[in-house]
Amino acid sequence: MLFLWLYMFYSCAGSCAGLAARGSPAPPRAAPPGQPGEESSLEEQRAAPDAASPISSFFNGSGTKRLPQAIIIGVKKGGTRALLEFLRVHPDVRAVGAEPHFFDRNYERGLAWYRDLMPRTLEGQITMEKTPSYFVTKEAPARISSMSKGTKLIVVVRDPVTRAISDYTQTLSKKPDIPTFESLTFKNRTTGLIDTSWSAIQIGIYAKHLENWLLYFPIGQILFVSGERLISDPAGELGRVQDFLGLKRIITDKHFYFNKTKGFPCLKKAEGSSKPHCLGKTKGRTHPDIDQEVVQRLRDFYRPFNMKFYQMTGQDFGWD
């Protein structure tokens with residue numbers, strides 16, 4: 001009987017998986033990951049779907065598509081891609097690889113469209129997505145609250161000066177002819193007036209953006225993850241995240257190794273794979289040399305906002 005059961009199971013795994021795949025399109029999954037926080041389009045995900053074994057396809061075809069119970073809402077260039085990839089190792093986390101941008105760019109498509117993007121989950125599993133631009137989108141808090149007031153929110157934050165330079169570096173890699181970082185930083189360099197309309201600067205005023213979220217969500221419903229500690233102690237930060245999500249602490253030190261060439265931690269085994277996995281070559285770009293006087297002026301500019309952010313979150317991120 002045991003051999004007969006095993007034969008029927010493995011036979012069904014291939015055929016049933018094929019039927020499930022033909023009957024229900026797979027949700028978008030992550031393309032080869034880029035730099036933490038870097039956006040990847042839904043079109044890119046659909047163009048390069050993940051390969052799946054018949055047995056995994058068989059199981060993935062079951063379950064229900066649900067609206068996310070947890071969302072990584074920010075911030076760009078903070079480490080959101082790394083966090084999502086790390087979390088997807090957990091068997092009770094199912095996440096969309098691509099950034100849906102529902103609450104900022106696609107809200108008019110409706111919740112049914114949004115739900116259809118989600119992966120299927122079984123009872124006890126958590127559905128997640130990440131779109132870093134939500135944190136700085138004025139309408140996003142009200143829209144997410146309207147979907148579910150109980151949604152758990154995760155914000156990955158990083159030294160705002162380093163984050164701004166990383167943001168600029170990403171843009172520079174795509175548009176080599178853009179003005180210098182120094183010239184974009186100031187409205188008037190002679191007076192030292194910082195140009196807060198430049199998104200690279202504006203995103204890092206975390207306290208200002210958080211005020212908007214606290215109009216709709218209690219502070220205890222938002223977890224703030226340190227982008228720096230996500231590199232220096234990934235297991236420690238993932239422990240906090242798993243606790244926040246009500247998950248068993250399955251992701252531990254044994255899942256990571258530090259890649260000295262890239263300068264950040266990598267997974268010994270990625271989701272659905274037995275091979276080591278590092279974030280892609282667009283991660284960890286070398287930053288251009290920035291005038292240290294400009295860096296210091298930015299640190300002075302951000303300091304009061306950082307202090308307020310520490311008070312609001314009850315965490316000292318040590319950026320000063």
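Select Thr-127 and display its surroundings: leaving out residues up to four places away in sequence, Thr-127 touches Arg-66, Leu-67, Pro-68, Gln-69, Ala-70, Arg-94, Met-118, Pro-119 and Thr-121, where contact means heavy atoms within 4.5 Å. Thr-127 lies in strand E5, and with a relative accessible area of 0% it is buried; buried means under 20% relative accessible area, exposed over 50%, and partly exposed in between, with a 1.4 Å probe and protein chains only.

What you have open is a predicted model, in which local features need pLDDT of at least 70 and side-chain atom pairs count only at pLDDT 80 or more, while totals for chains, interfaces and linings use all residues. Residues are numbered from 1 along each chain as its sequence is written, and side-chain values use heavy atoms, with hydrogens and water left out.

**The whole chain**

Colour the chain by pLDDT, the predictor's confidence in each residue, from 0 to 100: the average is 83, and 77% of the residues score at least 70. Over residues 1-59 the pLDDT is below 50, although this stretch has 100 contacts in the model beyond near neighbours in sequence. Where pLDDT is low, the predicted coordinates should not be read in detail.

Switching to a cartoon shows 13 helices and 11 strands; helices (H or I, at least four residues) and strands (E, at least two) are DSSP runs numbered from the N terminus. Of the 320 residues of the chain, 49% count as buried, and among contacts with a separation of 6 or more, 74% are accounted for by residues 24 or more positions apart.

**The parallel sheet**

Next select E3, E5, E2, E6 and E9, which in that order make up an open sheet of five strands with parallel pairing; two strands pair if DSSP finds at least two bridges between them. Strand E3 (93-95) and E9 stand at the edges with a single partner strand each, so one side of each is left without a neighbour in the sheet. Neighbouring strands of this sheet are turned by 25° against each other on average, direction ignored.

Keep E2 in view, since five of its five residues are buried. Towards strand E5 (residues 126-130), E2 runs parallel and is joined by three bridges, with Ile-71 standing opposite Glu-129. Towards E6, E2 again runs parallel, here joined by four bridges; Ile-72 stands opposite Ile-154, and the bridge partner of Ala-70 is Lys-152.

**The nonpolar cores**

Which residues of the largest nonpolar core touch the most other members? Select Ile-73, Phe-103, Tyr-114, Tyr-134, Ile-144, Trp-213 and Phe-309, out of the 32 residues in this core; a nonpolar core is a set of buried Ala, Val, Leu, Ile, Met, Phe, Trp, Tyr and Cys residues joined through side-chain atoms within 4.5 Å. Among the elements that each supply at least two residues of this core are strand E2 (70-74), helix H5 (111-117), helix H6 (140-147) and helix H13 (292-313), while H10 gives the most, with four residues.

Centre on Phe-103 and, leaving aside its neighbours within four places in sequence, you will find it in contact with Ile-71, Tyr-114, Glu-129, Tyr-134, Thr-137, Ala-140, Arg-143, Ile-144 and Met-147. A second, separate core of 30 residues includes Ala-70, Ile-126, Phe-244 and Leu-245.

**Helix H4**

Move to helix H4 (residues 80-87), where eight of eight residues are buried; besides Ala-82, Leu-83, Leu-84, Phe-86 and Leu-87, these include Thr-80, Arg-81 and Glu-85.

**The disulfide**

Finally, show the cysteine side chains: the count comes to one disulfide, defined as a pair of cysteine sulfur atoms within 2.5 Å. It is formed by Cys-266 and Cys-278, whose sulfur atoms are 1.8 Å apart, and the link is right-handed, with 105° about the S-S bond. Cys-266 sits in strand E11 (residues 264-267) and Cys-278 in the loop between E11 and H13, 12 residues apart. Cys-266 is buried at a relative accessible area of 1%, and Cys-278, at 19%, also counts as buried.

Methods:
Axes are lines fitted to C-alpha atoms, for helices over the stretch in contact, and angles run from 0 to 180 degrees between N-to-C directions.
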